[in-house]
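Dear colleague,

I am handing over the structure we spoke about, and below it you will find what came out of going through it. Please read the notes with the model open beside you.

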Amino acid sequence: MAHPLRRWPSLGVAAGLPPDDPARRGQEVFLTQCLACHRLAGAGAAEMGPDLARPMPALAYMTEPGLRALIRDPKSVRHWPGQQMPGFSPAVLPEAELDALIAYLKHQAARD
C-alpha cells in the first residue's frame, strides 16, 4: 500500500515550512497515531472517529487544553455510547509529540 502522503497529499505540511517546524513532526505523529481512526479534511480512509477538520477544525470548537485532555483521557472530557478512542498516556504519546500534533492540526487548519 502506498505511503499515506502519496495517497492523500493534502495531509502533507506546506512545502515552504522550515525543516525544524514542529508541524513537520506533528505530521508524522498524525500519520502514525491518528490516521487509522480519523480523517483530516476528507483525507484518509478511516471511518471510526470524526474528521478532525470537518465540518470545522477541531481547534475551532475545542480549546487547546480541552483537545489535550481529550487525547490523554477521552472519558475525562466526554462520554458517549460506543466510545472507542483510547487515551494516549505520556508513555505512548510523549508531551513533545502531543505539542507537535497540536502544531500540525493548527498548521493544517490555517491552510483550509
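Ala 41 sits in the loop between helix 2 and helix 3, and in this predicted model its phi is near 55 degrees, which is a positive value in a residue other than glycine.

Leu 52 is another residue of the loop between helix 2 and helix 3, and because its relative accessibility is 15%, Leu 52 counts as buried. Leaving aside neighbours within four places in sequence, Leu 52 is in contact with Phe 30, His 38, Arg 39, Leu 40, Pro 57 and Ala 58. Between Leu 52 and Gly 42 there are 9.0 Å in space, C-alpha to C-alpha, and the two are 10 residues apart in sequence.

Pro 57, which belongs to the loop between helix 2 and helix 3 as well, is partly exposed, with a relative accessible area of 23%. Apart from neighbours within four places in sequence, Pro 57 is in contact with Leu 52 and Ala 109. The C-alpha atoms of Pro 57 and Asp 112 lie 9.1 Å apart in space, although 55 residues separate the two in sequence.

As for the fold, the chain has six helices and zero strands, so that the pattern along the sequence reads α-α-α-α-α-α. The radius of gyration is 14 Å, close to the 13 Å that the globule rule gives for 112 residues, and the chain is therefore as compact as a globular protein of that length. Along its principal axes the C-alpha trace spans about 40 × 25 × 25 Å. Among contacts between residues at least 6 apart in sequence, 49% join residues at least 24 apart.

Which residues have the most contacts inside the largest nonpolar core? That core has 25 residues, and the ones in question are Leu 11, Phe 30, Leu 40 and Leu 101; helix 2, helix 4 (64–72) and helix 6 (95–111) each supply at least two residues of this core. In soluble globular proteins, nonpolar side chains tend to be buried together. Beyond neighbours within four places in sequence, the contacts of Leu 11 include Leu 5, Gln 27, Phe 30, Leu 40 and Tyr 104.

Gln 27, one of those partners of Leu 11, has its place in helix 2 (residues 22–34), and at 9% relative accessibility Gln 27 counts as buried. Again leaving aside neighbours within four places in sequence, Gln 27 is in contact with Leu 5, Leu 11, Gly 12, Val 13 and Tyr 104.

Of the 112 residues, 37% count as buried, and the chain exposes about 6600 Å², of which carbon and sulfur atoms supply 59%. There are 12 positive and 11 negative side chains, and the centres of the two sets lie 6 Å apart.

With best regards

Key: Residues are numbered from 1 along each chain as its sequence is written. This is a predicted model: local features need pLDDT of at least 70, side-chain atom pairs count only at pLDDT 80 or more; totals for chains, interfaces and linings use all residues. Side-chain values use heavy atoms; hydrogens and water are left out. Helices (H or I, at least four residues) and strands (E, at least two) are DSSP runs, numbered from the N terminus. The radius of gyration is taken over C-alpha atoms; the globule rule is 2.2 Å times the number of residues to the power 0.38. Buried means under 20% relative accessible area, exposed over 50%, partly exposed in between (1.4 Å probe, protein chains only). Contact means heavy atoms within 4.5 Å. Accessible areas come from the Shrake-Rupley method with a 1.4 Å probe; for residues, only the protein chains shown count as cover. Lys and Arg count as positive and Asp and Glu as negative; His and the chain ends are not counted. The place of a charge is taken as NZ of Lys, CZ of Arg, CG of Asp or CD of Glu. A nonpolar core is a set of buried Ala, Val, Leu, Ile, Met, Phe, Trp, Tyr and Cys residues joined through side-chain atoms within 4.5 Å.
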